[in-house]
Amino acid sequence: MSIRNIAAVILLFVAAPFFNVCMTKADEQEPKKSAETLYRLGCNYFYGIGTLENKTEAVKYWKKAAEKGHAKAQYNLSQCYGMGSGVSKDDQEAVKWCRLAAQQGYADAQFSLASCYGYGIGVNKDAQEAVKWFRLASQQGHAKAQFCLGVCYNNGYGITKDAQEAVKWYRKAAKQGEASAQYNLGNCYRSGEGIEKDLNEAVRWYRKAAEQGLAQAQFNLGVCYYTGDGVPKDLSKAIQWCCKAADQGYAEAQFSLGISYRDGDGVEKDKEKAVEWFRKAAQQGYEPAIDALKELGEE
């Protein structure tokens, strides 16, 4: 063994007790760390900030912080259990930690807990409990919760059906940029459900959602341009918006494009393109497209 190697071995034996003492002291100090410090350590491990990404270590620190009552750690821990990230998937544990965060008023947790009750994930389905937690999150300005509360009022899910209340909550979420709420608010203005019918307003809200990439809104906006409802009739723009929705796989838009190419309505007549779009919609089980293919002898 070389002198260098002998020196390294001696150093190892001399230094080992020192390192053990340091580690022991660190372990002893672990419980003394604040919940916020533990939470941030968990974030560092989860996202790989200043260290290698390690979901298991993230869960370890979030759990320590959660046990100290840190709401964000409780919520993050619930998400890890829900997704099986850094820990074995366990919906009941997810709900347990989510509830603790929700009870502290953490809006994201309230929304997630409401969703669990709505879908029966980790708990029995309970529409009234879902509405309760959606409302608590909504009152804190949580846009997705506001949208969901609007849906509950619109459908009478867990609460008495009330179209005007549905519009109220859709509007709150829509003003925050929630695309699905903008789309639903557009539908309300278009149909006059819960609010006075106003096609111009319907188009305005459809456009906001469509510009965010919501396929349903893109298609409805295209229909408005096709019919001239709330906007000057413009077949070119109708096709443009319909194409955007169709390219995202929206079956009704794909079928409508097929009709346009079949009949030469707004585009040059093209049977091959018509069949192509009909087939895309038919592959999703869209019955009118299946029938259209049969009529063209392209089953």
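Author: A polar contact is a pair of N or O atoms within 3.5 Å, one able to donate a hydrogen and the other to accept it. The structure discussed here is a predicted model.

Reader: What makes the pairing of Glu 178 and Lys 144 a polar contact?

Author: The side chains of Glu 178 and Lys 144 are joined at 3.4 Å, and because the cut-off is 3.5 Å, the pair counts as a polar contact. Glu 178 itself lies in the loop between helix H9 (163–175) and helix H10 (179–191), and, not counting residues up to four places away in sequence, it touches Ala 143, Lys 144, Phe 147 and Ala 173.

Reader: Why is Glu 178 called buried?

Author: Glu 178 has a relative accessible area of 14%, and since buried means under 20%, Glu 178 is therefore classed as buried.

Reader: How do you know whether Ala 292 is buried or exposed?

Author: The relative accessible area of Ala 292 is 4%, and because the limit for buried is under 20%, Ala 292 is counted as buried. Ala 292 belongs to helix H16 (residues 287–295), and, when neighbours within four places in sequence are left aside, it is in contact with Phe 255 and Phe 278. Its C-alpha atom is separated by 9.1 Å from that of Ala 282, a residue 10 places away along the chain.

Reader: Why are H15 and H16 called oblique to each other?

Author: The axes of helix H15 (residues 271–282) and H16 cross at roughly 140° and come within 7 Å. Angles over 145 degrees count as roughly antiparallel and those from 65 to 115 as roughly perpendicular, with the remainder, apart from angles under 35, counted as oblique, so H15 and H16 are oblique to each other. Their crossing is left-handed, and in it Val 275, Phe 278, Arg 279, Ala 281 and Ala 282 of H15 meet Ala 289, Ile 290, Ala 292 and Leu 293 of H16. By class, this contact has eight nonpolar residues, no polar ones and one charged.

Reader: What makes H6 roughly antiparallel to H7?

Author: The axes of helix H6 (residues 107–119) and helix H7 (residues 127–138) come within 8 Å and cross at roughly 160°. Because angles over 145 degrees count as roughly antiparallel, H6 is described as roughly antiparallel to H7. H6 passes H7 in a left-handed crossing, and the residues that make the contact include Phe 111 and Tyr 117 of H6 together with Trp 133 and Phe 134 of H7. The residues of this contact divide into 10 nonpolar, three polar and one charged.

Definitions and conventions:
Residues are numbered from 1 along each chain as its sequence is written. This is a predicted model: local features need pLDDT of at least 70, side-chain atom pairs count only at pLDDT 80 or more; totals for chains, interfaces and linings use all residues. Side-chain values use heavy atoms; hydrogens and water are left out. Helices (H or I, at least four residues) and strands (E, at least two) are DSSP runs, numbered from the N terminus. Buried means under 20% relative accessible area, exposed over 50%, partly exposed in between (1.4 Å probe, protein chains only). Contact means heavy atoms within 4.5 Å. Axes are lines fitted to C-alpha atoms, for helices over the stretch in contact, and angles run from 0 to 180 degrees between N-to-C directions. A crossing is left-handed if the near helix is turned anticlockwise from the far one by less than a right angle, and right-handed if clockwise. Ala, Val, Leu, Ile, Met, Phe, Trp, Tyr, Cys and Pro count as nonpolar, Asp, Glu, Lys and Arg as charged, and the others, Gly among them, as polar.
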